[in-house]
Amino acid sequence: MKMENSNGYQELKSELYDRAAQHGLRFNSDTFDVNESGMDFFVAFVQDDAGQPWVLRVPRRPDVWERAMNEQNVLKAVAPRLPVSVPDWRICTPDLIAYPLLGGNPVATVDPAGGGYLWKFPQDTLKDVFFDSLATALVGLYSIEHAEVVHAGVRLKTPEEARRKFSDNIEEVRRSFEIPAKLYDRWMAWLSTDSYWPDFSVLHHGDLHPPHILVDDNQRVTGLIDWTEAEFADPGKDFVILYALFGERGLQDLLHRYERTGGRTWPRMKEHIAEQWAAYPALVAKFALMTGKEDDMNMARGMIASWQVE
């Protein structure tokens, strides 16, 4: 399947439309808007013959399909239990995932030119309704019971397993990347200090950054998309990118809203999230090792080399 450039889109469109037709879905041949910013999926936006917008996703690598199966299980578990919308997959095969486009818009998208975010609303003008509705969505997600997650077949990690997995990833990364001593020492201090870590797990989204948060025109969160990394594990993970974007004061404010809405916290939750952000280069490096792409490897090397250690 050709996805490298626009010259391959016509062939790709025909191929995907044929696959959809095998499942009884027919799309308007005039619509095929492409988004190639995702690292795991090639994405196209189309319309069916009735004018309903759809999302088509194609896994970029074989390893993505295993995570897509987990995502399908997650969506089945969360759809009836969240105060916001999630994708309703109508087709789920190794070569095509399709679902009706959700209402709302991402609160920000990735700028293909610079790699940063293009915000639907200026970042510094986001209202209380955005943060309150996001906190409410997270409380709803984290309130899903362990038994419901097990029944749905979602990936599970105990607090100890989540911590050990992060440690194993760091050691794997260290064998392939040069880690500055101060950064590595910070990671080890975080991993070895019990008080940083929660003694419970929750079902988290796992990749909660602005393009995956849908809002309406009033800035209310209406949906969450792209659940590939979701699992029953560390409750701090969904706050990491939000901490990077809004800083310590923003994180403290969001955690206050989250706790006020019924969210469960622990004494060093804010510090734990900050340390997870400090360890973010290890996650990027792990992803680079998984893809094996030189561009991803260089991105990870650059992030590790430039990371500031307090």
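Q: What makes the span of helix H5 (residues 159–174) close to the one expected at 1.5 Å a residue?
A: Helix H5 has 16 residues and covers 23 Å between its first and last C-alpha, close to the expected 22 Å. The expected span is 1.5 Å times one less than the number of residues. Helices here are DSSP runs of H or I with at least four residues, and strands are runs of E with at least two, numbered from the N terminus. A word on the source: this is a predicted model, where local features need pLDDT of at least 70, side-chain atom pairs count only at pLDDT 80 or more, and totals for chains, interfaces and linings use all residues. Residues are numbered from 1 along each chain as its sequence is written, and side-chain values use heavy atoms, with hydrogens and water left out.

Q: Which residues of H5 are called buried?
A: Buried means under 20% relative accessible area, exposed over 50%, and partly exposed in between (1.4 Å probe, protein chains only). In H5 the buried residues are Pro159, Ala162, Arg163, Phe166, Asn169, Ile170 and Val173.

Q: Why are the buried residues of H5 said to line one face of the helix?
A: Seen down the axis, they fall within an arc of 120°, so they line one face of H5. The arc is that of the directions from the helix axis to the C-beta atoms.

Q: What do the buried residues of H5 pack against?
A: Their partners are helix H6 (181–192), strand E12 (231–233), helix H8 (269–278) and helix H9 (280–291), with contact meaning heavy atoms within 4.5 Å.

Q: Why do the buried residues of H1 line one face of that helix?
A: In H1, the buried residues are Tyr9, Leu12, Lys13, Leu16, Tyr17, Arg19 and Ala20. Their arc is 160° seen down the axis of H1, so they line one face. They pack against strands, including E1 (33–35) and E2 (41–47).

Q: What makes E6 and E11 edge strands?
A: An open sheet of 3 strands has the order E6-E10-E11, with antiparallel pairing. Strand E6 (105–106) and strand E11 (221–224) each have a single partner strand, so one side of each is left without a neighbour in the sheet. Two strands pair if DSSP finds at least two bridges between them, and 3 bridges join E10 (residues 213–215) to E11.
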